[in-house]
Amino acid sequence: MYLDLPTYKGIEVKYSKISVTDEKVTERIDTVRDEHATGGYITDRGVLNGDTVVMDYEGYIDGIQFEGGTASGSSLVIGSGEFIPGFEEGLIGHKTGEEFSISVTFPDDYHKATLRGKVAEFKITLKSIYRKDLPELTDAFVQSVSDCETVEEYKAYIKDLLEKENLSGIAWENLLKTASFKVYPSKRVKERCAEMDAYYQEYADYYGMTVEEFMKQQYGVSPEQYAKDRLEYGETAAKEDLVFEHIVAEEKFVITDELYAEKSKEYAKLYGYESLEEFEEAYGRELIEESILWDLMLEVVANNAVITGKDK
C-alpha cells in the first residue's frame, strides 16, 4: 500500500471558499441564455449597436500608416468599448461590403504615449454583420431549460449548483492535503511524468524542437525549472490516482449497464454530441467509465464534507 490517507469522509471546507456571488449566478445564467440565442448574418441593413462586425482596417496619421493600426478580419461587438472613442460609433449605419473612412482622436490617456491626442483616419472594409439576440430571462424561458417554474427559483437552483461544484473541488483539494505516500511510487510517478513529456513533445515536434527548447522559447521555462515542474506534476498526479483508486475500492463502485447508459447520455449531451455513438467513438468506453467513477468518487467526498463558517 503506497498511500497514507487518514480519511476521506468528514473533510472540512470553509463556506467562504465555496459561496457564490450574484454576479457568478448571472454569469452562469447568461451562458445558458447564450446557448439558446438566436441570430444570423445581416445583409439588409446597416450596423446597429449590439451587432458583431468583421472588418479590415488601415490606420493613418498625417497620411502615414502607424504601427498597430492595421488589421484584417478583425471582430468587434459594437458598444463594447473595445476600440477608442468614436471608432465604434463611426461604423453604425454602414452595410456589409462598404468601404469607407472614419476619423477619430486618440484619448489623452491612451496607453501608447506617441498616439495620445493624435487624429487618425481609418480606412475600413466592412466584411460582415452578425446579430445575436439572447432570450429574455423570463419564467417561460426558465421552464424551457430547466425543471424550475420561476426566475427566482432558477437563480436559487443555479446558486446551489455552483456551490456544489465549488464544494466538490475544494473538498478534493483539502483531501489531497491529508494524503501522503507511505512508500514513494516511483513507477507511477515516472508514468505521469512521461505523460507530461508526451503532451509538450507534440507541440515541440511541430516546431522541430526538444521539449526543453520548446518550454524555454514559448514559456521562458528553463530546463531546470521544467524538470522541477515535471516531477511536481508527476507526484501530484500519482497521489490523485492512488486516492481515487482507494476510494473507489472502499466504496465498491460498480458501473452497471444501466448506470453507464444514464451517465454516458448525460456526458454526450453536455459535450454537444448529437448521439451516444459519436461520443463513444470520440472517447471510448474505458475513458467514459473512468469519468463516471471519478464523478461518483467526488460525490462521496463532497457529500460527506463538513462545511464550516456558514450562518444558520
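Mentor: We'll talk about helix packing, salt bridges and a surface patch.

Trainee: Anything to know before we start?
Mentor: This is a predicted model, where local features need pLDDT of at least 70, side-chain atom pairs count only at pLDDT 80 or more, and totals for chains, interfaces and linings use all residues. Residues are numbered from 1 along each chain as its sequence is written, and side-chain values use heavy atoms, with hydrogens and water left out.

Trainee: OK, at what angle do α5 and α8 pack?
Mentor: Helix α5 (residues 151–178) and helix α8 (residues 223–251) pack at about 100°, and their axes are 11 Å apart. Helices here are DSSP runs of H or I with at least four residues, strands are runs of E with at least two, and both are numbered from the N terminus. The axes are lines fitted to C-alpha atoms, for helices over the stretch in contact, and angles run from 0 to 180 degrees between N-to-C directions.

Trainee: Which residues make the contact?
Mentor: From α5, Trp172, Leu175 and Leu176; from α8, Lys239, Glu240, Val243, Phe244 and Ile247. Contact means heavy atoms within 4.5 Å.

Trainee: Switching topic: how many salt bridges are there?
Mentor: A search of the whole structure gives 20. The criterion is a side-chain nitrogen of Lys or Arg within 4 Å of a carboxyl oxygen of Asp or Glu.

Trainee: Where do Glu165 and Arg28 lie?
Mentor: Their side chains meet in a salt bridge, 3.0 Å from N to O. Glu165 lies in helix α5 and Arg28 in helix α2 (residues 22–35), so the pair ties together parts that are 137 residues apart in sequence.

Trainee: And Asp51, buried or exposed?
Mentor: Asp51 counts as buried, because its relative accessibility is 0%. The cut-offs are under 20% relative accessible area for buried, over 50% for exposed, and partly exposed in between (1.4 Å probe, protein chains only). Asp51 forms a salt bridge with Arg131, at 3.0 Å, N to O. Arg131 is partly exposed, at 22%.

Trainee: Which residues form the nonpolar patch on the surface?
Mentor: Leu270, Tyr271, Tyr283 and Leu287, with about 440 Å² of accessible area together. Patch residues have over 30% relative accessible area and no salt bridge; like charges are joined within 9 Å, and nonpolar side chains (Val, Leu, Ile, Met, Phe, Trp, Tyr) within 5 Å. Areas come from the Shrake-Rupley method with a 1.4 Å probe, and for residues only the protein chains shown count as cover.

Trainee: Where's Tyr271?
Mentor: Tyr271 sits in the loop between α9 (257–270) and α10 (276–283), and counts as exposed at 52% relative accessibility.
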